[in-house]
Amino acid sequence: MAAISLLNPKAEFARAAQALSVNITASKGIQDVMKTNLGPKGTLKMLVSGAGDIKITKDGNVLLHEMQIQHPTASLIARASTAQDDITGDGTTSTVLLIGELLKQAELYIAEGLHPRIITEGYDQARLQALKILDDMKRPVEINRKNLQDIARTALRTKLNNQLADLLTDVCVDAILTIKKDDDKSVDLHMVEIMEMQHKSATDTQLVKGIVMDHGSRHPDMPKRLENAYILTCNVSMEYEKTEVNSGFFYKTAEEREHFVLAERDFIIQRVQKVIELKKKLCDGTNKSFVVINQKGIDPNSLDLLAKEGIMALRRAKRRNMERLALACGGLALNSFDDIKEEHLGFAGVVYEHVLGETKYTFVEDCKVPQSVTILMKGPNKHTLHQIKDAVRDGLRAINNTLDDKCLIPGAGSFEIHANLKLRDHARTVKGKTRLAIQAYADALLVIPKTLAVNSGFDSQDTIVKLQEEAELSTDPIGLDLSTGEPCKPVDLGIFDNYIVKKQILNSCTVIATNLLLVDEIMRAGMSSLKG
C-alpha cells in the first residue's frame with residue numbers, strides 16, 4: 001500500500017518550510033512592487049498593454065487590476081486588495097504592504113522554531129486589540145464643508161499632484177453637498193455623472209450643477225443657447241414607425257397613395273403640434289424658452305417644425321441621461337403627449353450647445369434643486385483623463401464613507417505609530433509565546449510610516465525613532481510631516497483617513513496573512529494533470 005502514491009505523479013507540490021517560503025517570497029515580491037506608490041510623495045508606474053497603450057498611475061487598485069500576475073499567492077493578495085477597494089474605495093496599497101510585512105515578521109520567528117499556529121493566534125489577538133485602539137482614536141466629525149475637504153484632499157493627494165488634487169477636492173465636495181439631502185446619510189454616487197472631454201488641460205475640470213450630454217440638436221436652425229428653459233423629457237416617437245407585424249397597403253390610384261402618406265404624416269404632426277401648443281401657451285410673451293429631449297427619434301420634418309418655433313430638440317438621448325434629467329431638472333419623463341401640463345416639465349436656467357471637433361455636447365445648467373450633477377473632466381490626452389477619473393472616484397468614495405461613519409481617523413501614519421506603542425504595552429501583559437506574535441504584529445504596522453518616510457526621501461529608522469519618542473510624550477496623535485521629515489500633529493494639518501478603510505485593512509490583512517501562514521503544502525494538481 002505504501003508504494004501507491006496518493007498524489008498523481010504529475011502533480012507538483014511543495015511541503016512545509018518550502019510551501020511557507022513560496023508564500024512569503026510572493027508576498028514580499030508584490031510588496032516591493034507596490035511599496036514606492038504609497039502616500040502623496042509616492043512614485044508613478046507606467047503600464048504598457050500588449051497593443052502598446054500607455055497608462056501612467058500610482059493608484060494601487062488600477063495597478064493590481066491591470067498587472068498580469070502569474071504567481072498564485074501574489075494573485076490572491078492582489079484580489080484581496082482590489083476587494084478592499086471595491087468595499088471602501090481606498091487602501092489597496094496599504095493592504096499589500098501590511099500582508100507582506102505580517103508574513104515577513106512571522107518568517108523571523110518561524111526561522112527560530114516558533115510554530116505558525118502560535119503566530120496566527122497571536123495575530124488574531126493583536127487584531128482585536130488594534131480594532132479597540134482604532135475605536136478609541138476615531139474622532140466624531142460634523143458633516144460640514146471643511147471636514148469633507150480635509151478627507152477628500154488627503155485621498156486625492158495620494159493619487160495626483162497637489163495643485164490638481166486641491167482643485168478636484170472642491171469639485172468632489174461640491175458635487176456631494178449639492179445632491180446630499182438634509183439627513184446626514186450617504187448619497188448615491190451614481191447620481192454624480194463623470195463626463196470626459198479631451199480638451200484644454202486637467203486644471204479646467206469643473207462641476208456642472210446639472211447634466212452634460214454627449215450629443216446635440218440635429219437641425220442647423222435650432223437655437224444654440226437658451227435661458228430660463230422649460231425641459232420636456234419624453235420617450236415618444238416623432239418619426240415614421242414601421243408596423244409591428246408585416247402588413248401591406250393596397251391602393252388603386254396615385255391619389256389614394258397620397259392620402260395614405262398624408263394621413264401617416266398627419267399622425268406625427270399632431271404629436272409635434274401638441275408640444276408646439278404647450279410652448280406657445282407657456283413661453284410666448286415671456287422670457288422663457290423650451291427644450292425637448294426625446295429618447296426616441298425625431299424625423300427631419302418634425303425637427304423643422306420645432307426649429308421654426310425656436311424650440312431646441314435632442315433625439316435619441318441615452319436612457320441613463322433621461323433618468324438623471326428628471327432628477328436634475330425636475331418634471332416627469334413622459335411616454336405620451338396627452339394632457340401635458342406645466343407641472344410635467346423640468347426647468348433649467350441655461351441650456352447651451354458646445355461643439356468640440358466632431359462631437360457636440362449639450363449643457364443643462366442652473367437647475368433649481370439638482371438631485372444629480374456632472375463632473376466634467378478635461379485633459380489633453382487619454383491617460384490624463386483616466387488618471388483623473390480614477391482619482392475622482394476615490395475622492396467621492398472617501399467623502400461618502402465619512403457621511404456613513406460620521407468619524408475620521410488622524411492620518412500621516414499616526415494610527416500605526418499609536419497602535420504600535422499600545423500593542424507593545426499589551427504584549428507585556430500576555431504570558432507565553434503568544435506575546436512574540438503580538439510584538440511581531442506591532443512591528444508590522446510600522447511598515448506604513450516607514451514607507452511614507454522612504455518615499456519622501458528620509459531615513460526610515462531615524463524617522464520611526466523620532467515618531468515613537470514624540471508619540472510617547474504627547475497625548476495627541478503624532479504623524480509624519482512628509483515635507484520636513486519631522487513629527488507633526490495631523491489633526492492640525494487637516495490630514496485624515498477613513499475609519500472604515502483602516503478597519504477593513506486590519507481585518508482583511510490579518511485574515512489573509514494567517515491563512516497563508518497555515519499553508520503547509522502547495523499542490524499544482526488541476527484536472528489537466530490527472531490525465532494519463
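1. A residue is called buried when its relative accessible area is under 20%, exposed when it is over 50%, and partly exposed in between, using a 1.4 Å probe and protein chains only. By that rule Asn 498 is buried, with a relative accessible area of 5%. Asn 498 is found in strand E18, residues 496-498. Leaving out residues up to four places away in sequence, Asn 498 touches Ile 151, Ala 398, Asn 401, Thr 402, Leu 408 and Ile 409; a contact here means heavy atoms within 4.5 Å.

2. This is a predicted model, in which local features need pLDDT of at least 70 and side-chain atom pairs count only at pLDDT 80 or more, while totals for chains, interfaces and linings use all residues. Residues are numbered from 1 along each chain as its sequence is written, and side-chain values use heavy atoms, with hydrogens and water left out.

3. The protein has 17 helices and 19 strands. These are DSSP runs numbered from the N terminus: helices are H or I with at least four residues, strands are E with at least two. The radius of gyration is 31 Å, well over the 24 Å that the globule rule gives for 532 residues, so the protein is more spread out than a compact globule. That radius is taken over C-alpha atoms, and the rule is 2.2 Å times the number of residues to the power 0.38. The C-alpha trace spans about 100 × 70 × 40 Å along its principal axes.

4. Of the 532 residues, 51% are buried. Among contacts with a separation of 6 or more, 76% are between residues 24 or more positions apart.

5. Helix H7 covers residues 162-179. Its 18 residues should span 26 Å at 1.5 Å a residue, and its end C-alpha atoms are 26 Å apart, which agrees. The expected span is 1.5 Å times one less than the number of residues. Buried residues of H7 include Leu 164, Leu 168, Val 171, Cys 172, Ala 175 and Ile 179. An α-helix has 3.6 residues a turn, so residues three or four places apart point the same way. The cover over the buried residues of H7 includes helix H6 (145-157), strand E5 (192-198), strand E6 (206-208), strand E14 (373-379) and helix H11 (382-405).

6. Thr 451 lies in helix H14, residues 447-455. Thr 451 is buried, with a relative accessible area of 3%. Not counting residues up to four places away in sequence, Thr 451 touches Lys 35, Leu 38 and Leu 97.
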